[in-house]
Amino acid sequence: MTTVESALTDAGLDPDHGREPSRGLSGGGLRVPFADLAMQTAEVRAELDEVWTDLLDSHRFIGGDVVEAFERDWAAYCDTDFAVSVANGTDSLHLILRALGIGSGDEVVVPANTFVATAEAVVLSGAVPVFVDVLPETLLIDPAQVEAALTPRTAAIVPVHLFGQMADMTRLSEIAQRAGVALVEDAAQAHGAFHEERQAGSLGVAGSFSFYPGKNLGAFGDGGAVTTSDPALAARLRSLRDHGRGLSDRYVHDHVGMNSRLDALQAGILSVKLRHLDGWTAARRVHAAAYRAQLPREVQMVQEAVRTPSVHHLAVVRTDRRQQAMEGLARFGVDTGIHYPVPCHLQEPYAVYGRGPLPVAEAAAAEILSLPMFPHLTPDQVSHVCRSLGAVLA
Ligand SMILES: *Cc1c(COP(=O)(O)O)cnc(C)c1O
């Protein structure tokens, strides 16, 4: 067994999966989907039987022990005192901002190259998103640009731990502290990542997670959570996610809240999958190293900072011949994606908040290409992607 194969076996994965050939494709006929959730589901299927049975017997579909157990599990995993589960990762960001009292008249600094939900949550809170540029090597928010964007109206900074790698939380914490503004982590792509030995979601005043099926920890539907060690903030979030209910009397409403609860079915599934997360992350790291070793010279992987080991939510490379690469890879049976082709400040509904060009994010948007990345990839599939890309760009 090769080192890669034994690392995958250690992570509980089958290095032989995916060897079945399919017809009509160049380069040996191997198919490489962008992400294969079926394999992940098969891995946890037996453990889920208990989740269904308990749920159908208890009829506690919303709230209850199963949700509370997952919240305890997730807080422990993220090294925070509390986790407050919500319906998705957009609500979690939106509710954090509202629970912090951020809204109309406030500015919130966000990176330009993120999933639109980061900016959307700011607008939903009533505040104004202030888009800043990113670092060219990692495509993570540039602390110097954050500092330059601060005004007396700045209420929060929301770095995004993009592609699985954490932003420079040391510098951002200093900047936030000096300015007296909240630091909120958008950790939707960084379950289990860490920065100088501290877990994603535990460095800001609050962390926001999504459990959308394709995230590193994914439900069988939508889900999200806030992590925090601030008891008052956690209490406000519990109330806001549940119609602003008073914590002592459920018929007294302290706030105008919303309905953003994680249901018990998703919570039970997430508790089961959480037991596998570190193994799946280890497998993603094996694949990332294999990509790095085998990718052709014509493309560069987004750089990984040593002190913030990535959990590789996505495997992103840069190439100035992206269209050619995507079409060529498709002929070799390899699916790809782009995260994200249009930066937020150039999206139509957000253009009003733009304040001029953001050259690093804009240049990256034209060149980035996401290669297949999921725990159950095989060494053969990674090699096939790299060889195919070499053939296409040669
Ligand atoms: C997925 C994602 C979100 C939103 O999560 P949903 O659960 O889909 O609402 C927010 N921010 C980032 C960076 C994401 O990748």
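Q: How many residues surround the ligand, and which are the closest?
A: In this predicted model, the ligand is surrounded by 13 residues, and the closest of them are Gly89, Thr90, Asp186, Ser210 and Lys215.

Q: OK, and which side chains lie by an oxygen atom of the ligand?
A: Lys215 has a polar side-chain atom 2.6 Å from an oxygen atom of the ligand, and Gln189 has a polar side-chain atom 2.9 Å from an oxygen atom of the ligand.

Q: How much of the ligand does the protein bury?
A: The ligand taken alone exposes 380 Å², and of that area the protein buries 93%.

Q: Switching topic, what does the domain assignment give for the protein chain?
A: The assignment gives two stretches, 3-36 and 276-393, to domain 1, while domain 2 runs over 45-274.

Q: How far apart are the centres of the two?
A: Taking the C-alpha centres, domain 1 and domain 2 lie 26 Å apart.

Q: And how many residues are in contact across them?
A: On the domain 1 side there are 33 residues in contact with 44 residues of domain 2.

Q: What area do they bury between them?
A: Domain 1 and domain 2 bury about 3400 Å² between them, and 61% of that area is on carbon and sulfur atoms.

Q: Now the backbone: which peptide bond is cis?
A: The peptide bond that leads from His339 to Tyr340 is cis, with an omega near 10°, and Tyr340 itself has its place in the loop between α10 (322-331) and α11 (359-367).

Q: What about Phe163, is its phi positive or negative?
A: Phe163 has a positive phi of about 65°, although this residue is not a glycine.

Q: Where is Phe163 found?
A: Phe163 sits in the loop that lies between β4 (154-157) and α7 (169-179).

Note on methods: Residues are numbered from 1 along each chain as its sequence is written. This is a predicted model: local features need pLDDT of at least 70, side-chain atom pairs count only at pLDDT 80 or more; totals for chains, interfaces and linings use all residues. Side-chain values use heavy atoms; hydrogens and water are left out. A residue is near a molecule or strand if one of its heavy atoms lies within 4 Å of it. A polar contact is a pair of N or O atoms within 3.5 Å; within protein, one must be able to donate a hydrogen and the other to accept it, and residues adjacent in sequence count only if both atoms are side-chain atoms. Accessible areas come from the Shrake-Rupley method with a 1.4 Å probe; for residues, only the protein chains shown count as cover. Domain bounds come from an automatic or database domain assignment. Contact means heavy atoms within 4.5 Å. Buried area is the accessible area (1.4 Å probe) that two parts lose on being put together, summed over both. Helices (H or I, at least four residues) and strands (E, at least two) are DSSP runs, numbered from the N terminus.
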